[in-house]
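Colleague: Here is the model I would like to go through. Could we begin with the aromatic rings?

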Amino acid sequence: MDDSDPVVPVFFLSDSTGISAETMGNALLIQFPDAKFERTTIPFISTVEHAREVVAMLDELMEGAVTPLVFTTAAEDGVREELNRTRAPLIDFFGMHMQRVESILGRSGRREAARLHGVGDIQRYNSRMAAVEFTIEHDDGQSLRAMDRADVILLAPSRCGKTPTSMYLALQHGLFVANYPLVDEDLERSDLPGPVAAYADRCWGITTNVDRLSRVRNERRPGSRYASPEQCRWELRRAKQLFEAYRLPVVDSSAKSVEEISALILQNRTSRAKAAERVRRTQEENPA
């Protein structure tokens, strides 16, 4: 990436939270790793008047040297139509796809902001919120209660990316996730820590490289033994030995996003489940 490249202003517009616009817009922007973006989210554009103000701001930016890029998921017709009046390049996710969905279903959608970002399937929503609550409670080994309910248990030395991965799996996929920090006492032993020993089939290891771990830890505790390359190297080496001893699947977080790490865990979880099912069927067919 050339430092002289201009920064492209990017706007995510919504008549609700803006999460959908951010998610879909960023899915496109990450395909341009060499470009520099300055992202701004404008949520809750609930009236035509507010939409008109946003359009005026975008049109003023069009007079500048760099053309802004705009993503919107506004569902309410009046707001969406007003936003589409801007001279700025606008990608209307709702408008692009709604008519197609309506034609397939043979009926008209409600076109309400609350329905675009709302609960929808109440059972699915409640299960995800329960997963988030469990994951927050079991972050960084804070609670060891009801570990048998965990769908996924992440093991790693401190600052390897356990918490963001846990929250992503809970919020996006409704999984009950516990993450357990491997401290010196755990790494000096050859066994899985007691609280997770009975659940090895639900455990995943997360690792990183020494430079990255030392750098991240230095941001938290500058100049400490905890952040020293020697300590980081020892912890990562011992964690790797532990993972290998128990044949735990391992994900390297040093060059992967939370989404990529989570996708690998989900993929491996499916493979594990299929393997376990094959073993179960074999045992049923060939009882001892």
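Modeller: This is a predicted model, in which local features need pLDDT of at least 70, side-chain atom pairs count only at pLDDT 80 or more, and totals for chains, interfaces and linings use all residues. Residues are numbered from 1 along each chain as its sequence is written, and side-chain values use heavy atoms, with hydrogens and water left out.

Colleague: How many aromatic pairs are there?

Modeller: Rings of Phe, Tyr and Trp (its six-membered ring) pair if their centres lie within 6.5 Å. By this rule the count is three.

Colleague: Is the pair of Phe-12 and Phe-71 stacked or edge-to-face?

Modeller: Planes under 30 degrees apart count as stacked, over 60 as edge-to-face and the rest as tilted. For Phe-12 and Phe-71 the centres are 5.8 Å apart and the planes are at 20 degrees, and the pair is stacked.

Colleague: Are Phe-12 and Phe-71 buried or exposed?

Modeller: Buried means under 20% relative accessible area, exposed over 50%, and partly exposed in between (1.4 Å probe, protein chains only). Both Phe-12 and Phe-71 are buried.

Colleague: Why is the pair of Phe-134 and Phe-176 called tilted?

Modeller: The ring centres of Phe-134 and Phe-176 are 5.1 Å apart. The pair is tilted because its planes are at 40 degrees.

Colleague: Which residues form one aromatic cluster?

Modeller: The pairing rule for rings is the one given above. One aromatic cluster is formed by Phe-12, Phe-71 and Phe-93.
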